[in-house]
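Here are my notes from going through the model.

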Amino acid sequence: MDLKFDHIIHYIDQLEQFKFPGEVVKLNSGGKHHKFGTFNKLSYINENYIEFLDVEDQEKLQKLAKTEEGRVSFATKIAQDNFKQGFKTICLRTSNIDAIKQTLEDRNIDVIGPVNMERETKKGEKITWRLLYIADPSYMVKPPFFIQWDQGDANRHEQLKSLYQTQFSIDMIMVSSSKRAQTVKNWQNWFDMEIVEETEKYTDLILKEDQIYFRIEDGKQSGYHTVVLKDTEATAPYSLYIRGAKYRFEPIH
């Protein structure tokens with residue numbers, strides 16, 4: 001599978017007034033998802049990013065959550081969690097979403113999509129992409145979903161490179177699961193992830209085409225809880241707990 005980590009979604013209530021503590025991570029204006037009644041701000045960490053997402057039309061989002069697509073979509077996880085702040089899900093990037101769909105269907109995995117999406121920037125420009133969701137009804141951890149950007153990787157890189165915070169790189173996404181063995185098995189089957197390390201308490205996975213680790217830990221509450229970033233300017237590790245989510249920064253030794 002042609003897959004790389006693209007972004008993680010952090011739901012922030014009253015995002016318009018939000019500032020990252022110490023402005024360690026810089027937020028850039030994003031735009032509106034009219035379909036969901038949501039809007040975002042984005043922090044670019046090289047070719048990955050953190051999406052800070054908020055809701056401006058709760059009624060629209062809750063109505064959409066009752067549809068077949070809405071049940072699995074990235075935005076409606078906010079409503080499904082009763083508007084609890086924190087990380088909601090992660091997204092994996094591909095250059096051929098139709099091939100991913102075919103591969104999953106060949107493995108008898110139910111999917112929804114590809115769905116055409118767009119976001120309108122403050123300048124009125126439209127950015128378009130396609131999404132694909134795994135429609136597994138038994139998940140404890142919301143499955144990562146797939147994205148294919150219409151503008152292509154090279155064009156996106158050229159457009160966004162001035163916004164990259166190059167002192168950082170995303171090293172690991174940490175996840176809790178009440179059924180770790182099942183989550184690991186699913187992620188291996190769904191994303192062709194490989195096990196890098198396994199202990200009594202966690203399993204580290206990696207995509208074949210990427211270098212970011214996904215640590216699945218045993219936990220009573222299932223979900224995404226920590227992003228670990230390498231920081232070239234740090235001399236010691238430090239952590240920030242922000243609106244239901246943890247950001248851990250580690251020096252590069």
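1. Strand S9 (residues 168-177) runs antiparallel to strand S13 (residues 223-231), and eight bridges hold the pairing. Within it, Ser-169 sits opposite Lys-230 of S13. On bookkeeping: strands (E, at least two residues) and helices (H or I, at least four) are DSSP runs numbered from the N terminus, and two strands pair if DSSP finds at least two bridges between them.

2. Before going further: this is a predicted model, where local features need pLDDT of at least 70, side-chain atom pairs count only at pLDDT 80 or more, and totals for chains, interfaces and linings use all residues. Residues are numbered from 1 along each chain as its sequence is written, and side-chain values use heavy atoms, with hydrogens and water left out.

3. Zooming out, there is an open sheet of seven strands with mixed pairing, in the order S10-S11-S12-S9-S13-S15-S14. Its edges are S10 (194-198) and S14 (238-242), each pairing on one side only. On average, neighbouring strands are turned by 25 degrees against each other, direction ignored. Helix H6 (residues 180-191) packs on this sheet and touches S9, S10, S11 (202-206), S12 (213-218) and S13, with its direction at about 155 degrees to that of S12. Contact here means heavy atoms within 4.5 Å; axes are lines fitted to C-alpha atoms, for helices over the stretch in contact, and angles run from 0 to 180 degrees between N-to-C directions.

4. Buried means under 20% relative accessible area, exposed over 50%, partly exposed in between (1.4 Å probe, protein chains only).

5. The whole structure has 14 salt bridges, each a side-chain nitrogen of Lys or Arg within 4 Å of a carboxyl oxygen of Asp or Glu. One of them joins Asp-81 and Lys-88 at 2.8 Å; Lys-88 is buried at 4%, whereas Asp-81 is partly exposed at 23%.
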